[in-house]
Amino acid sequence: MASSNDTQAFDYQQRRWHHLRKLLERPGPFCHPDFEPSPEILDFIMNSCKVLIVGAGGLGCELLKDLSLMGFRKIHIVDMDTIELSNLNRQFLFRKTDIGLSKAKCAVEFVNKRIPGCEAVAHHCAIQDLDDGFYRQFHIVVCGLDSIVARRWLNGMLMSLLQYNDDRSLDQSSVIPLVDGGTEGFKGNARVILPGLSACIECTLDLYPPQKTFPLCTIANTPRLPEHCIEYVKVIQWAKENPWGTETALDGDDPQHVAWVFEKAQERATKYGIASVTYRLTQGVLKNIIPAVASTNAAIAAACATEVFKLASSSCANMNNYMVLNMSDGVYTYTFNAEKQSDCVACSNTTKSMEIDSDATLQTIYDKLCEDRNYLMKSPGITTVINGRNKTLYMSSVKSIEEKTRDNLKKKITELGLYNGAEILVADATTPRTVTIKLKLIENIDVDMMR
């Protein structure tokens, strides 16, 4: 006979999932057309469905809490950061004693201890450190990152896992859905990306706000804001004084670096009669931090978790496909269908081409890769294949190679052996895979000679 403790535990489990069973074991007017009610769906969610959470910050903590309370047990979370004092006002899985420790590990330890049956696993590393096989094991990926570059890299990774049939049609069994959330103060967004089927991150780069910058003449000559003083020290004074020796890059995560910039910015602010230069503001300017609001994180994480549940259960049609939330003045939300771009560099499954003047220099190609909305790369490395051998045309990420290839930027592309139809191979921090681009050379026509 079962003991009273066993009976109580069984009753608790029945009550705990009662409301989910109502959704999963009976039909309803909002169900997905392919939905078939079954008790096996909850079993799949709890025991088989593997979900990857990327980021263990404000959104990541909320996502981990929400998903584990919804019954997901096979959760992995990856984050390379450690806990800082400023995190504690919104990243509620952490305590003061956790400062300096891994965000991912502390979040997992808290949730596994607090929620019976949860088997979350932490990965304290950069997303770029994990290979194809790691990402391929998951049914759904949900993203709570604060970096557009990291988002683009993750988007590229999921695109690279797609497989195509002989007729070039997409093998839909290789699709790993990506649910992405982001917040900025009282504003946020959530979206559902079905790689190869719907608009991806690269398709909608125009939707991301540009990074705030200040004119150099303003920060150097007529500063008016505390941010101007901090930016001056960051851009001009650091390089001029070299406080940690030549070629030491300013690190916004290094407390000593931040303290030095803070002190110098205060001195400059005093000179120009500017107030409110604080340590926190200094760190925010150096790391481009936008103040976070806990309620916005909670709302966006809830929307993302709901979409994960829909994808895992098919109990309801998914968001189609981009939702924006604005709580600056009341509460406003709107959902629209972001369209897939036919020439997207990440998900179009077609050969990428670039039109370029036949007398253009390699610098022209480099600038286009950085500035054209189809690419918007950060520091692309460009190589090609000539007579069966790889040739590096330019690479800025490795100093020794950059010095050797710098002169190539001034040369015409035809001098470098590139011709109409030639292919260049481009590597960048925004993508995990090398992008192949076919050059389409356009002959310049001298208008004066035609007259």
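Which residue of β14 stands opposite I382? In this predicted model, the residue opposite I382 is V426.

The strands β12 and β14 are paired with each other: residues 381–386 form β12, residues 423–427 form β14, and four bridges join the two in the antiparallel sense. Both belong to an open sheet of five strands, ordered β11-β15-β14-β12-β13, in which the pairing is mixed. Strands β11 (352–357) and β13 (389–394) are at the edges; each has a single partner strand, so one side of each has no neighbour in the sheet. On average, neighbouring strands here are turned by 35° against each other, with direction ignored.

Helix α13, residues 362–371, lies across β11, β12, β13, β14 and β15 (435–442), and runs at about 135° to β11.

## The eight-stranded sheet

A further open sheet has eight strands in the order β3-β2-β1-β4-β7-β8-β9-β10, also with mixed pairing. Its edge strands, β3 (121–123) and β10 (332–336), each pair on one side only. From one strand to the next, the twist averages 15°.

Within this sheet, β1 (residues 50–54) pairs with β4 (residues 140–143) over four bridges, and the two strands are parallel. V54 stands opposite C143 of β4. Helix α12 packs on the sheet and touches β1, β4, β7 (178–184), β8 (187–193) and β9 (322–326). The direction of α12 makes about 170° with that of β7.

## Nonpolar cores

In soluble globular proteins, nonpolar side chains tend to be buried together. The largest nonpolar core in this model comprises 49 residues. The residues with the most contacts inside this core are I53, L64, L67, F72, V142 and V308. Helix α12 (residues 294–313) gives the most to the core, with eight residues.

What does V308 touch, leaving out residues up to four places away in sequence? Its contacts on that basis are V51, L67, F72, I140, V142 and V179. Of these, L67, F72 and V142 are also listed among the residues with the most contacts inside the core.

Conventions. Residues numbered from 1 in each chain as written. Predicted model: local features only at pLDDT ≥ 70, side-chain atom pairs only at ≥ 80, totals over all residues. Heavy atoms only, no water. Core = buried A, V, L, I, M, F, W, Y, C linked by side-chain atoms within 4.5 Å. Buried < 20%, exposed > 50% of the residue type's maximum accessible area, 1.4 Å probe, protein only. Contact = heavy atoms within 4.5 Å. Pairing = 2+ DSSP bridges. Axes fitted to C-alpha atoms, helices over the stretch in contact; angles between N-to-C directions.
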